[in-house]
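Please look over the sequence and the model shown here before reading the notes on selected side chains.

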Amino acid sequence: MLNLERLRTLDAVARHGSVSGAADGLHVTTSAVSQQLSKLEREVGQQLLAKNGRGVRLTDAGQLLAEHAARILSQVQMAQADIEAQRGQVVGEVRVAAFPTAARGLFPAALAALREGHPELRVRTTELEPENGVRAVLRGDADLALVLDWSNKRAPVPGGLERAHLLDDAADVALPAGHPLAGREAADLVDFADEEWVSWPEGEFCHDWLMFTLRSQGIEPRIGHLAGEHHTQLALVAAGLGVCVTPRLGRPVPEGVVFVPVRQQVRRHIYATWRADAGRRPSVRAVVGALRAAAEPLGS
């Protein structure tokens with residue numbers, strides 16, 4: 001009989017593409033992954049992995065068994081969700097991923113409320129950018145992820161996922177305190193056409209959004225600096241090295257920076273997303289409810 005945990009290990013190797021990636025995803029050592037796979041090969045009587053340069057690849061038998069493993073594990077998840085829903089109890093573990101500002105702005109209140117209201121529920125959190133959070137949910141490495149899109153650039157919902165809107169988060173332009181526009185009650189993006197911008201790293205959804213938004217206003221952006229963290233972006237602004245767009249949720253307020261609202265109402269939409277087959281779990285519904293409650297006083 002095939003061992004479920006060994007099938008889970010093979011599935012992790014197939015999803016992550018390497019033994020080390022599977023070990024990280026399963027929170028075990030690479031040695032433990034290799035041992036489980038060796039035992040699984042003995043159980044099925046076939047080689048499942050083959051060397052591929054410095055890494056490994058699945059053999060034909062390994063790929064076939066990995067496809068079955070993914071279906072089996074999905075059925076196990078559905079069974080666990082149905083049992084949990086039938087009991088109606090908020091228990092067990094929920095793994096939640098969130099991008100940094102959502103983690104900073106929503107996690108403290110939501111997690112404190114869950115600890116008080118559901119003491120048998122364990123919530124394990126990690127920071128991941130939205131695209132990585134979606135992938136983690138699809139892979140089964142997270143039960144829930146906080147993701148975003150922008151009012152003028154929406155992000156599609158991959159098949160098999162559901163989502164719930166948490167809040168709309170307004171964004172402002174951050175300026176050095178001595179900037180000529182720092183005293184404005186509001187400004188248009190075209191007012192900053194000649195400025196040097198601090199942006200998110202290239203390839204990230206928010207960087208693409210900034211390029212799209214500025215160009216739609218007839219501005220060809222001059223990007224001077226790239227930084228993933230808002231703290232770093234604002235430190236560069238405070239030093240007089242550019243301007244940036246900064247959402248309000250979880251925003252630090254460093255000295256030497258002034259925030260000017262944008263008349264075009266630039267907003268992020270923030271969602272919780274999860275696999276459709278996990279939506280029946282009372283624990284997942286409880287976490288979504290706590291996040292909504294934490295978001296309610298923060299929406300713009």
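## Model and annotated region

The structure is a predicted model. The unreviewed UniProt entry carries the annotation "domain: HTH lysR-type" for residues 2–59, and over residues 2–59 the chain is 62% helix and 14% strand, with the end C-alpha atoms 18 Å apart.

## Surroundings of D141

D141 is located in the loop between α6 (130–139) and β5 (144–150), and its relative accessible area of 19% falls under the 20% cut-off, so D141 counts as buried. The side chain of D141 makes a polar contact of 3.1 Å with that of H16. Leaving aside residues up to four places away in sequence, D141 touches R15, H16, G25, R95 and A136.

## Tryptophan cluster

The model contains four aromatic pairs. In one of them, W150 and W200 have ring centres 6.3 Å apart and planes at 65°, so the pair is edge-to-face; W150 belongs to strand β5 and W200 to the loop between β7 (196–199) and α7 (205–216), so the pair ties together parts that are 50 residues apart in sequence.

The rings of W150 and W209, by contrast, have centres 3.6 Å apart and planes at 10°, so this pair is stacked. Since W209 lies in helix α7 and W150 in strand β5, the pair ties together parts 59 residues apart in sequence. Ring pairs thus link W150, W200 and W209 into a cluster, in which W150 is buried at 0% relative accessible area, W209 is buried at 2%, and W200 is also buried.

## Charges over rings

The charged end of K153 sits over the ring of F212, at 5.2 Å from its centre, while that of R251 sits over the ring of F259, at 3.7 Å from its centre.

Conventions
Residues numbered from 1 in each chain as written. Predicted model: local features only at pLDDT ≥ 70, side-chain atom pairs only at ≥ 80, totals over all residues. Heavy atoms only, no water. UniProt positions renumbered as here; feature names shortened; annotations may be inferred. Helix = DSSP H or I, 4+ residues; strand = E, 2+ residues; numbered from the N terminus. Buried < 20%, exposed > 50% of the residue type's maximum accessible area, 1.4 Å probe, protein only. Polar contact = N/O pair within 3.5 Å; in protein donor to acceptor, adjacent residues only side chain to side chain. Contact = heavy atoms within 4.5 Å. Phe/Tyr/Trp six-rings, centres within 6.5 Å; stacked < 30°, edge-to-face > 60°. Lys NZ or Arg CZ within 6 Å of the ring centre and 35° of its normal.
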